[in-house]
Each structure stands twice: as structure tokens, then as C-alpha cells.
Amino acid sequence: MYKNVGELNLPNSENEVLEFWKKNKIKEKCLNNNKQGGKVYSFYEGPPTANGLPHAGHILTRALKDVFTRVKSMQGFYVPRKGGWDTHGLPVELEVEKDIGISGKKQIEDYGIQNFIEKCKVGVWKYVDEWKTFSNKVGYFVDMENDFYYTYDDNYIESIWWSLKELDKKGLLYKGYKILPCCPSCGTALSSHEVAQGYRERNDLTVVAKFKAKEEENLFFLVWTTTPWTLPSNVALCVNANFEYQKILANDGNKYILAKNLVSNFFKNDEYKVLENVYGKDLEFKKYQPIFDFATKEVKEKAFFVTCDDYVTLTDGTGIVHIAPAYGVEDSEVGAKYNLPFLQMANFNGKFEDSCGKYSGQDIFEVNEQIAEDLRLEGKIFKAEKHKHEYPHC
């Protein structure tokens, strides 16, 4: 007969269940079920990092993984459930940095890389007992005691290199690019989950740049960007093929192209007249002049023309965005679609390359104001103002 739930003392009930499992070796029986004669169904856990405490999200992922191993065991398979620990990664390093009072790649090198590695090897096991207790409490039956694996072990590392070598032998590897956030201070790329809670609001300079069309005198594409530092790496513009765009003649004597629905954000009714209405698809492959001369020296492939992609919206800006494939996921995808050059004028340390003229060696964020001012003096800025937006931080 079931007990009245209202009479249950849940912590005591949990302990009773755990004691029953322990006394009757339930976990061991599950792990060894069908060991004699059963067809093997191998399971290697995608391992957690034991330098941080488990949280509610881990209950979900562990429950989902546990479902598959239990079902396979019920179907007659022998299911070795190999537990493991992820002992690499930025969270481990950041925790150790806090403990010893340093920050960033340079200070790690000064402290001594090998000394730092040894500290990380100790720090990564900080909460391993809590993880074991947590896993047992939620009924996650995986072997974390016998021959578990951990990713800083040489055998594990060498097995990964061996796997890559075998894939390469079979022609199954290709070289490409993946766009990820990068921390200049740490000197490393950041995964999406590492940066997910690191977004902060910045008040950055944004500009509406004037990209001069090649085929018509005094005609400019108006392009809004929140990251002026990416303009030296521009190789294309992008519009939405299905949006309406207008060519207008403004009172300053110049002709401009921008999304029809956004014209009123930049011009009053008496400040322009409409010359032509076109769809984005009609602008595809229209050529323009590079906004920085030094960029052309680095580009060998076809570039500096208008592309089309559905990611362009009318939410803000001008309905035309500038494409720098090295500095944005959507930009990279457009670059791959149109076979654009991968121009990377800023390096991994957040500094401009030597080929960037007066900007060479300068920090990308510190040079935003200078880029805007230089372009203004050349008549290539329509508007510049501060704008608050979310930006990833390490």
C-alpha cells in the first residue's frame, strides 16, 4: 500500500532508497546485467567537468542518458557504462587563475606554464565527490569507480590523435573555418556555453558608412555597423533578395540605396526624392569600391560586390550589412556561399595586422573612433553615433 504523500519525509525517503540500493547492490547488478552472453552495447559518457558543482540542468542530461542504457539493458544487451571527466577547458583555467591571483595568458606564462598545468590538474578534481553523490541520488547508474577515463590522460589524448590520423588516411577530414568568440586576454577561442553568460551591454560607436557604387557616379550603398573595427576586413555587402530597396536623390546631391521601409529613419520627406524602386535580388553582384585601399592588396578572389541572404532584416540599420567572413557566423556562411575571400585584418590578440596601415598593432576597440574619423574625412561616413548593444565578454 502506498503511503500518504503528505506523511512522507522526503529527505528520509531519499536516504532509505539509497540505503536499499547500497545494501542490495542494485547499481552493481544493473551494471553487470547480461554480462554473460549478452551482446555488448557500449556507452561512454560525454563527461562533465568536476571543477564546478552540479546543478539542475545536469539532472536532465543524466536522466536522458540513463534512459538509453536502461532500455538497452532491458532488451538483453550487456551495457558497460563508462564514466569520465572532462579535465580540459577554460572554466578550469579561470578557477585556478582566481585561486592564485593572476589573469590572462601573459601572466600564466610568467607564472610558468608547467606550474599552471599542475595546478589545473589538482583543481579539476575539486568537486568530484559531490558529483558522485549527486549522480547516485538521481539514480544515474554509471561506473565512476573502475577504469573511468579523463581527458588529460596521455592514453586518452593519444587515442584522439590516432582517431584523427585514421580519419585523415581515409580522406574524411577537410580544412575550413568556424567562427567563435575569442578572448584576446586568454589567447583562446570560447565555446558558446562559455560565453553564454558573459554578455554585457556596451555603449559603442556605430556608423552608417557610404560604400561607393562602381557603375554610377555619386551613388552610395548606405551600410550600418555596430563594429567599425571590422570594416578593414570587408569583402562584400549583403541585402535581402525579397525586400524592396530604393535609390533616392538626397538634398546633399548624392544618390543612396537602402531598404525602402527604413528610408524615413535617415531622411525627412523634404530631404530626398525617390529615383527608383528595386528588389534586393536586382542588386546582387553590383560592384562597389573597397572602403579601405589596403584591403585590396590582401584579396585575390572575386570580392567587393553585393550578395543576398535571408538573414538581413528590417529591424534596424539600413537593410544592407557589410560582410567580413572572419568575424561573424552569418558573414562566414555568406562568404562560403559566394566563395568570398577570408580576410582577417585583426589577429587573435585583438590587434590589427601589419598590413593595416596606420592601424597596425592597435587594439581593435580602441581604434573604432579613429576609423570613423578617418572615413568621415574621406566623405565615407553618413552618420556616426553611440549605440548600446549586447557584446560577448570572457
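The conversation below goes through salt bridges, then a helix, then a strand.

Modeller: Before you ask, please keep in mind that this is a predicted model, in which local features need pLDDT of at least 70 and side-chain atom pairs count only at pLDDT 80 or more, while totals for chains, interfaces and linings use all residues. Residues are numbered from 1 along each chain as its sequence is written, and side-chain values use heavy atoms, with hydrogens and water left out.

Biologist: How many salt bridges does the structure hold?

Modeller: A salt bridge here is a side-chain nitrogen of Lys or Arg within 4 Å of a carboxyl oxygen of Asp or Glu. With that cut-off, the number of salt bridges in the structure is 19.

Biologist: With which residue does Lys 286 form a salt bridge?

Modeller: Lys 286 lies in the loop between helix H10 (280-283) and helix H11 (293-296), and its partner sits 71 residues apart from it, in the loop between strand S7 (199-212) and strand S8 (219-225); helices (H or I, at least four residues) and strands (E, at least two) are DSSP runs, numbered from the N terminus. The closest N and O atoms of the pair are 3.7 Å apart, and the partner is Glu 215.

Biologist: Is Glu 215 buried or exposed?

Modeller: Buried means under 20% relative accessible area, exposed over 50%, and partly exposed in between, using a 1.4 Å probe and protein chains only. Lys 286, at 31%, counts as partly exposed. Glu 215 has a relative accessible area of 56%, and is therefore exposed.

Biologist: Which residue pairs with Lys 358 in a salt bridge, and is that partner buried or exposed?

Modeller: Lys 358, in the loop between helix H12 (329-337) and helix H13 (368-377), is linked to a residue of H13 that lies 16 residues apart from it. The partner is Asp 374, with the closest N and O atoms 3.3 Å apart. Lys 358 is exposed at 53%, whereas Asp 374, with a relative accessible area of 11%, is buried.

Biologist: Why do the buried residues of H13 lie on the same side of the helix?

Modeller: The buried residues in H13 are Asn 368, Ile 371, Ala 372, Asp 374 and Leu 375. The arc is taken from the directions from the helix axis to the C-beta atoms. They lie on the same side of H13 because the arc that they cover around the axis is only 165 degrees.

Biologist: How many residues of S8 are buried, and which ones lie on each side?

Modeller: In a regular strand the side chains alternate between the two faces of the sheet. Both faces of S8 are covered, with Leu 219, Phe 221, Val 223 and Thr 225 buried on one side and Phe 220, Leu 222 and Trp 224 buried on the other. The strand is mostly covered, and the buried count is 7 of its 7 residues.

Biologist: Which residue in S8 is the bridge partner of Val 208?

Modeller: Two strands pair if DSSP finds at least two bridges between them. S7 and S8 run antiparallel and are joined by 6 bridges. In S8, the bridge partner of Val 208 is Trp 224.

Biologist: What is the bridge partner of Phe 221 in S11?

Modeller: S8 and strand S11 (residues 255-259) run parallel, and 3 bridges join them. Within S11, the partner of Phe 221 is Ile 257.
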